[in-house]
Amino acid sequence: MFLKEITMAGSFALMASAAYAECNVSAGRVNIIGNEFPAIHAVVNAAKTCAGNGVEIKSNLTADHQLINLAGMTGKPAEYTSAIVANSSIVALMNEDVIRPLDDLVAKFGQDLRKNQLITIDGKIMAVAFMANAQHLVFRQDILDQAGVEPPRSYEELLAAAAKIREMGLLEYPVGGAYKAGWNLAQEFNNIYIGFGGEFFEPGSAKATVNNEAGIATLNLMKELSGYMNPDFLTHDSNATNSEWKAGNVALMNMWGSRVPPLKDTEGSSQVVVDNTDIAGPMTVGGGSVPATTLWWDGWTVARNISDEDAEATFKALVQGTSPSMLNAETAPMAVWLIEGYEPTDAAKGVFAAANSGAVPYPMLPFQGLLHSALGAELSDFMLGREDAQTALADVEAAYTAAAKEKGYLQ
Amino acid sequence: MQRSGLMQHKTFFWFFFPTATAMLLFIALPILSVVTQSLFTPHDQVFKIVESCGPFGCKQITSIDTEATDALKQARPLGQWSGLDVYLDRGHLAVSEVAAAWGASDSMGQFFKAIGNLPFYRAMSFTLTYTFVVTPLLIALGFMIALSVNSLHRHLKGLAIFFSLLPMIVTPLIGSLILFWMVDSRGVLGTGLQWLFSDPDLSLKASTSLTWVMLIVYGVWHSAPFAFVVFYAGLQTVPKETLESAMIDGATRWQQTRYVVIPHLMPLVTFVALIQLMDHFRVFEPIVGFNAEAHATSLSWIIFNDLGGETRLLSSASTTSVLTIIGVSILLSPVLVRTWRDFNAKG
């Protein structure tokens, strides 16, 4: 045991010194805040190989990162020199102007970054994306075979398949979904609403426009889907939905690409479930051509309120963290990497299908987050049958309007 | 005499000074800050249309022109004065929505249904139900546990006290999470209940009324030990002479409890009620732990929700905080008035 630790420590030291030469960071302070899942751990661990020789690299990876990243970057100097964000959460940091444009640093030290990794807003590079994500279909091949149906390509086909599975007595609640009241429920609304061709806002304005036919059709479909879900669906987030999947209780669900690799693990699951879990592209709805899903990227930013030295150190460390050298047999299946030299694994086909079938990115609007919160808070009444779709959507617009007025988005 | 009086004042000042400073720093200033923040909102935002490019191509998007509002922010960092606007908006007291509901409703039932759809009143309806059901129940339960433990053999007392205190020792969030999984329709308690009522579709989490019952039972379970400890300590001070004379007079055990023990413990009941009313009005952890936000919300949960979104609503959260403080004051006023009267009567 002791010997093993020594050899491990030795190999870490070797790795660190080798990488140190590579990233060429000689001074500065690096502190990274970000969400907590395996792919982000892999990036931050790779960035930490740049530490040493007076350069300290700290990180705070937590699911509550959004509660603290803005506060931690507002001070002068900022506590966090970098925040790892997604296309939804970068907006809050841009709204408050706490992240800096990266054009000069990219020109000097970012030659190896690919063009499509650079998130450019108003001609300025504001973030460097390293992975893509999307929700798409996950299905149980054996159950679909027994029911004699193909993997559904639309929500209508999914409903028909679910009805058949229940009718044949294969599963009582064949459909799964992260329908937990709040962020998750709102996200499912967003997906299907986009599939129906709905627009969230009046063009060029912050006025919400979800109380329309597309919105009502979306809610009615969600209600119909929930009829095939575990009755506790309003308490099920992605983790709980995945537990249901692993327990073999679910045959069809719309799930995040990044959440699929754990489903291939037999721990808490059975060999039958693991062997028959397969994925496909996102579904369409109502005969539309745009898939009912959204595309996401995760990327890193550099804080504005820090010295040039710290900014340079942060940039170089994170370039190292997302360089081709961090890809190996263990890290490659963790995400759909946007990094040079990434060979898509089988786990990536759902996200690729989403990107290739014309799925749209999650909107990067300053007020999208407020609408998302309003949807999350107001839609559960409809799902519980306490009010009709039109009232629920009117509530969403009213709740959003109050919040948007407070934030100065609407006058 | 006068000299010693002065000394007393001075001594009193130095005794009280640290407490006063701490109260000022940790109670008065934060309240002042919250009240201030609730009266201001962020400046009106200036938008511009920009091109945004990334892994999925380029798109024209609306973005905030931070330079345009910079000067305004520098000049007035608190934001713009909004007075009571946020207090009166739909997310809080919703005066215009309540007025509209009053005008449109034919019956009281319809009116209450309409205002139950507004976040503040929905939260209040659960919070008040929770507070006024849990507090008396936990006082009764705590008193019964204290009486039972007090009549145990002294060798058993230590063990009984330890086990009775356990629910309070468990962190609320963890306690509610553990119960959450146990009452799941696939969990041990959930399956047990399904078997007991022979209803395989019974789910505590899917029904609003059952969720409320679950939260209330949890609240009593978690807070009863507090009442128990206080009453148990009180029971040790019940005058033996009075009890003995009651026994000689032929009082039954129930009569002794009713006419000797309970009157003796009344001040403690007031104390427990005071603390617990205040605590339960701020109910929060069980709602998060039981993932119950679709069925039950509270003022504290609204604050959490306002601060936890991608876009933080600071003014809204501050307003709800001020309303919580006002609510607690109203709730406690009868008990405080009573304590004050008792104090004056004794003095």
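What pLDDT does chain B average, and what percentage of the residues score at least 70? Chain B averages 88, and 97% of the residues reach at least 70; pLDDT is the predictor's own confidence in each residue, on a scale from 0 to 100. This is a predicted model, so local features are described only at a pLDDT of at least 70 and side-chain atom pairs only at 80 or more, while totals for chains, interfaces and linings take in all residues. Residue numbers start from 1 along each chain as its sequence is written, and chains are lettered from A and ligands numbered from 1 in the order of writing.

**View 1. Confidence across the complex.**
The predictor gives the complex an ipTM of 0.86 and a pTM of 0.87. Helix and strand labels follow DSSP runs numbered from the N terminus (H or I over at least four residues for helices, E over at least two for strands).

**View 2. Strand E1 of chain A and its two partners.**
Strand E1 (residues 29-34) of chain A has five of its six residues buried, so the rest of the structure largely encloses it. Here, buried means 20 or more other C-beta atoms within 10 Å of a residue's own, exposed means 12 or fewer, and partly exposed is in between, with C-beta atoms placed from the backbone. On one count, E1(A) pairs in the parallel sense with strand E2 (residues 56-61) of chain A over six bridges; two strands pair if DSSP finds at least two bridges between them. Look for Ile32(A) opposite Ser59(A), and for Gly34(A) with Leu61(A) as its bridge partner. To get from E1(A) to E2(A), the chain passes through helix H2 (residues 38-48) of chain A, making a right-handed β-α-β crossover. Right-handed means that, with the strands pointing away from the viewer, the path from the first strand over the helix to the second runs clockwise. E1(A) also pairs in the parallel sense with strand E3 (residues 82-86) of chain A, over two bridges, and there Ile33(A) stands opposite Ala83(A).

**View 3. The two domains of chain A.**
Chain A splits into domain 1 (16-132 + 296-351) and domain 2 (134-294 + 356-406), with bounds from an automatic or database domain assignment. Taken over C-alpha atoms, the centres of the two domains are 30 Å apart. Where they meet, 16 residues of domain 1 of chain A are in contact with 16 residues of domain 2 of chain A; contact means C-beta atoms, placed from the backbone, within 7 Å. On the domain 1 side, the elements giving two or more residues are helix H4 (90-95) and helix H13 (349-356) of chain A. That side has eleven nonpolar, four polar and one charged residues. The classes are Ala, Val, Leu, Ile, Met, Phe, Trp, Tyr, Cys and Pro as nonpolar, Asp, Glu, Lys and Arg as charged, and the others, Gly among them, as polar.

**View 4. Where chain A meets chain B.**
Here 50 residues of chain A are in contact with 42 residues of chain B. H16(A) gives the most to chain A's side, with six residues. By class, that side divides into 27 nonpolar, 16 polar and seven charged residues. Strand E4 of chain A also joins strand E2 (residues 47-54) of chain B through two antiparallel bridges, and Ile121(A) has Ser52(B) as its bridge partner.

**View 5. The E4-E5 hairpin of chain A.**
Back within chain A, E4(A) runs antiparallel to E5(A), joined by four bridges. Ile119(A) has Ala127(A) as its bridge partner. Two residues lie between the strands of this hairpin, and Asp122(A) in the turn has a positive phi of about 55°.

**View 6. Asn220 of chain A.**
Asn220(A) is found in helix H9 (residues 213-226) of chain A. Asn220(A) counts as partly exposed because it has 13 C-beta neighbours inside 10 Å. The C-alpha atoms of Asn220(A) and Met383(A) are separated by 9.1 Å, although the two are 163 residues apart along the chain.

Definitions and conventions:
Two residues are in contact if their C-beta atoms, placed from the backbone, lie within 7 Å.
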